[in-house]
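Subject: Structure handover

Hello,

Here is the structure I promised to pass on. Please open it first, then read the notes below.

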Amino acid sequence: MLTVFIATFVLFLLVIGGMSLGYVFKRKSLQGSCGGITSLGMEKVCDCPEPCDARKKREAKAALRRLQLEKHRII
């Protein structure tokens with residue numbers, strides 16, 4: 001009985017390890033089989049009329065990065 005438990009535990013560790021390696025190397029977030037909420041055309045989970053401060057900072061940083069990339073491509 002104990003050997004079955006240990007074998008199952010090791011199998012689960014291998015599966016979780018394989019999934020984590022896939023995440024580390026591909027840098028893709030885990031998603032469900034149906035594609036998650038983005039497949040519904042929704043950009044965010046909450047119904048907030050205005051994004052939080054952290055999201056505003058991320059969007060501003062991404063916009064700045066896009067501008068810098070465009071600037072370097074023109075020159």
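Predicted model: local features only at pLDDT ≥ 70, side-chain atom pairs only at ≥ 80, totals over all residues.

Now H1 itself. The helix covers residues 2–26. That makes 25 residues. From first C-alpha to last, H1 reaches 36 Å, close to the 36 Å expected at 1.5 Å a residue.

Next, the surface. Seven names to look up: Leu2, Phe5, Ile6, Phe9, Val10, Leu13 and Leu14. They form a nonpolar patch there. Together they have about 740 Å² of accessible area. Take valine 10 as one of them. Valine 10 sits in H1. Its relative accessible area is 40%, so valine 10 counts as partly exposed.

Then the charges. How many salt bridges does a search of the whole structure find? The search finds one. Its partners are the side chains of glutamate 59 and arginine 55, at 3.0 Å from N to O. Side chains of opposite charge can pair when their charged atoms come close.

Where are the two partners placed? Both are in helix H2, residues 53–74. They are four residues apart, so about one helical turn separates them.

Are they buried or exposed? Arginine 55 is buried, with a relative accessible area of 18%. Glutamate 59 is partly exposed, at 38%.

Best wishes

Methods:
Residues numbered from 1 in each chain as written. Heavy atoms only, no water. Patch = residues over 30% accessible without salt bridge, like charges linked within 9 Å, V, L, I, M, F, W, Y side chains within 5 Å. Areas by Shrake-Rupley, 256 points an atom, 1.4 Å probe, with all protein chains shown as cover. Salt bridge = Lys/Arg side-chain N within 4 Å of Asp/Glu carboxyl O. Helix = DSSP H or I, 4+ residues; strand = E, 2+ residues; numbered from the N terminus. Buried < 20%, exposed > 50% of the residue type's maximum accessible area, 1.4 Å probe, protein only. Expected span 1.5 Å × (residues − 1).
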